[in-house]
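My notebook is open and I am ready to look around. Come along and check each entry with me.

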Amino acid sequence: MKILKMGMVGGGIGAFIGEVHRKAARMDGYVQVVAGAFDIVPERSLEQGRILGIDPKRCYGTYQEMIRGELALPPEERVDFISICTPNVTHFPVAKACLEAGFNVMCEKPMTMTTEQADELQRIVKKTGLTFGLLHTYTGYPMVKLAKDMVKAGDLGKLRKIEVRYPQGWLGRLAKVKPISAAWRTDPKSSGSSCCMGDIGTHAANLAEYVSGLKITEVLADLGTYLKGRLDDDGNVLFHMQKGVKGVLTATQVGSGEENNLQIWVYGEDRSIGWFQQDPNDLRVLGDNMPEQIWKRGNPYVAEKSPAAGRCTRTPAGHPEAFLEAFANHYKNFTDTIRARQLKKKPTALELDFPSVEDGVRGMKFISAVVASSKKGSVWVKI
Ligand code: NAD
């Protein structure tokens with residue numbers, strides 16, 4: 001299999017998610033990081049490149065230099081794709097520049113700062129025909145893929161209600177702990193119109209839409225700020241979906257003691273399913289007059305029910321997989337799609353199973369609607 005060359009924007013020394021991207025993209029051995037503009041400070045970018053053992057000629061001070069430098073190389077030597085792991089404010093200009101220069105893009109979420117930028121990026125992706133992935137981590141878990149396939153197969157009967165919650169606590173401890181990545185997240189200039197809903201609420205909304213196969217059509221939100229003088233650090237949202245399904249989404253970044261306790265319950269007329277990110281190898285199935293079932297990742301019955309889950313499983317049952325593997329699954333499908341297109345082949349549905357520019361547009365519309373609803377005093381706002 002062709003080893004793809006990866007370039008990066010962001011992921012400098014001490015940054016959080018860039019290192020996760022590097023580990024995940026390389027997990028299966030078919031991607032190599034060969035270039036990067038890793039840091040907002042050019043000297044620190046070069047230093048990170050040196051630490052990573054990258055050819056000094058391909059360690060760039062800025063993303064504009066990287067695009068120019070890569071375009072100056074013969075086509076077969078250039079990066080095959082560029083991963084954007086910077087704060088939200090840079091996603092749009094960097095993604096636009098990369099796509100317009102002809103590079104495939106894997107982008108962090110939320111995709112842009114505004115819905116207008118999201119629409120524009122979607123147009124550019126369509127026009128260029130390039131591959132664009134968005135890193136909504138949680139749909140990369142095999143048991144989430146199984147949940148989606150159970151819903152699709154009708155195992156739950158008609159869907160009734162979805163509850164999704166994403167509590168964290170780290171932004172509530174700021175008086176004592178001040179990680180660098182907290183400052184830009186809580187500032188509208190670098191984060192966008194929302195902190196909590198943009199940072200983790202969008203993950204929860206994306207999860208609900210992915211598992212159910214339905215779109216959120218309207219929201220009623222109550223966002224709040226517990227540590228004054230910054231964007232929302234907490235929020236509660238009622239939502240309506242297609243086909244009359246209703247839901248509740250709650251997210252917080254100030255829940256004392258909470259880590260990344262993302263959970264989803266999907267309730268149907270016949271069965272209900274529950275998945276918990278901190279226990280990600282199990283999927284719970286409930287029904288009337290039956291004992292609770294726990295489906296366990298890595299068993300043949302999971303792959304039989306969900307080829308998407310089977311394809312994204314690396315270790316046998318009982319050897320847990322989690323966050324890094326979920327990330328790696330998005331990279332696996334994203335890079336297989338690029339390889340297929342390079343060979344002028346149509347990617348399969350399983351290869352295309354990674355979050356797309358359309359998910360990015362949905363995420364931005366979700367953020368915009370919940371912020372508008374809350375500002376108007378918690379009224380229903382259509383998406
Ligand atoms: P961070 O502050 O830890 O790191 C950001 C990095 O980007 C730093 O190295 C910084 O120097 C670099 N940077 C900033 N501007 C740059 C520029 N113009 N050119 C080159 N480098 C630049 O932030 P983080 O926590 O890693 O978050 C980064 C992004 O990832 C955010 O959009 C965030 O929402 C997203 N994120 C996603 C997940 C997920 O699960 N998918 C988890 C955490 C963060």
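**Entry 1: the ligand**

I began at the ligand, where one of its oxygen atoms sits 3.1 Å from a polar backbone atom of Ile40. I kept in mind that this is a predicted model. Next I looked at Phe16, and a polar backbone atom of Phe16 is 3.0 Å from an oxygen atom of the ligand. For Thr137 I noted a side-chain atom instead: a polar one, 2.7 Å from an oxygen atom of the ligand. How much of the ligand's accessible area does the protein cover? I found that the ligand on its own has 850 Å² of accessible area, and the protein covers 91% of that. I then looked up the surroundings and got 26 residues around the ligand, with Ile17, Asn88, Glu108, Leu135 and Thr137 as the closest.

**Entry 2: two helices**

I remembered that a pair of packed helices is described by the angle and the distance between their axes. I looked up helix H5 (residues 115–128) and helix H13 (residues 357–375), which pack at about 170° with axes 9 Å apart. Angles over 145 degrees count as roughly antiparallel, so H5 is roughly antiparallel to H13. On the H5 side, I listed Thr115, Ala118, Asp119, Leu121, Gln122 and Val125 in the contact. On the H13 side, I listed Val357, Glu358, Val361, Met364, Lys365 and Ser368. I sorted the residues of this contact into six nonpolar, three polar and three charged.

Which kind of peptide bond joins Lys109 and Pro110? I found a cis bond, with omega about -15°. Pro110 belongs to the loop between strand E4 (104–107) and H5.

I placed Asn289 in the loop between strand E12 (282–287) and strand E13 (293–296).

Note on methods
Residues numbered from 1 in each chain as written. Predicted model: local features only at pLDDT ≥ 70, side-chain atom pairs only at ≥ 80, totals over all residues. Heavy atoms only, no water. Axes fitted to C-alpha atoms, helices over the stretch in contact; angles between N-to-C directions. Helix = DSSP H or I, 4+ residues; strand = E, 2+ residues; numbered from the N terminus. Parallel < 35°, antiparallel > 145°, perpendicular 65-115°, else oblique. Contact = heavy atoms within 4.5 Å. Nonpolar A, V, L, I, M, F, W, Y, C, P; charged D, E, K, R; others polar. Near = heavy atom within 4 Å. Polar contact = N/O pair within 3.5 Å; in protein donor to acceptor, adjacent residues only side chain to side chain. Areas by Shrake-Rupley, 256 points an atom, 1.4 Å probe, with all protein chains shown as cover.
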